[in-house]
Amino acid sequence: MEEAAAVRGAAEEAVRDVVPGTLREEISGFVESGSVVPGTLTLVVADLFGEVDPDVVDGLTERAAGVQLIYDGLRLTRRLVPRG
């Protein structure tokens with residue numbers, strides 16, 4: 001599915017400058033190995049509602065990557081924070 005690949009690529013681009021490098025690698029690992037359903041659904045739903053304009057597709061993909069990174073960030077935070 002090309003939407004999933006677009007979201008994954010945009011998310012990888014968005015975290016390229018995250019420091020420290022170990023955090024960037026953790027986030028990239030989550031993006032690479034995890035499900036990109038949240039970001040992909042953003043693109044699919046926008047298309048269903050006719051919101052995909054060829055002139056704004058890149059912006060929409062960036063927003064979809066943002067949705068994806070929020071979900072992945074929450075998942076990573078849950079893994080890193082000790083449960084008490």
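This is a predicted model: local features need pLDDT of at least 70, side-chain atom pairs count only at pLDDT 80 or more; totals for chains, interfaces and linings use all residues.
**Exercise 1. Which span should helix α1 have at 1.5 Å a residue, and which distance separates its end C-alpha atoms?**

Solution. Helix α1 covers residues 2-14, 13 residues in all, where a helix is a DSSP run of H or I with at least four residues, a strand is a run of E with at least two, and both are numbered from the N terminus. The expected span is 1.5 Å times one less than the number of residues, so α1 should span 18 Å, and its end C-alpha atoms are 18 Å apart, which agrees.

Residues are numbered from 1 along each chain as its sequence is written, and side-chain values use heavy atoms, with hydrogens and water left out.

**Exercise 2. How many helices and strands does the protein chain have, and what percentage of its residues is buried?**

Solution. The chain has 4 helices and 0 strands, and from the N terminus its elements run α-α-α-α. Buried residues make up 31% of the 84 residues, where buried means under 20% relative accessible area, exposed over 50%, and partly exposed in between, with a 1.4 Å probe and protein chains only.

**Exercise 3. Which residues make up the largest nonpolar core, and which elements give two or more residues to it?**

Solution. A nonpolar core is a set of buried Ala, Val, Leu, Ile, Met, Phe, Trp, Tyr and Cys residues joined through side-chain atoms within 4.5 Å. The largest one has 10 residues, namely A10, A11, V15, V18, I27, F30, V31, A65, L69 and L76. The elements that give two or more residues to this core are α1, α2 (21-33) and α4 (57-80). A second, separate core of 7 residues includes A4, V7, L43 and L60.

Next, take A11, which lies in helix α1 and counts as buried at 0% relative accessibility. Leaving aside neighbours within four places in sequence, A11 is in contact (heavy atoms within 4.5 Å) with V31, A65 and L69. F30, with neighbours within four places again left aside, is in contact with D72, R75, L76 and R79.

**Exercise 4. At roughly what angle do the axes of α1 and α3 cross, and which residues meet there?**

Solution. Axes are lines fitted to C-alpha atoms, for helices over the stretch in contact, and angles run from 0 to 180 degrees between N-to-C directions. The axes of α1 and α3 (residues 37-48) come within 9 Å and cross at roughly 120°. That makes α1 oblique to α3, because angles under 35 degrees count as roughly parallel, over 145 as roughly antiparallel, 65 to 115 as roughly perpendicular and the rest as oblique. In this pair, E3, A4 and V7 of α1 meet G39, T40 and L43 of α3.

**Exercise 5. Is T61 buried or exposed, and which residues does T61 touch?**

Solution. T61 sits in helix α4 and is buried, with a relative accessible area of 12%. Not counting residues up to four places away in sequence, T61 touches A6, V7, A10 and L43.
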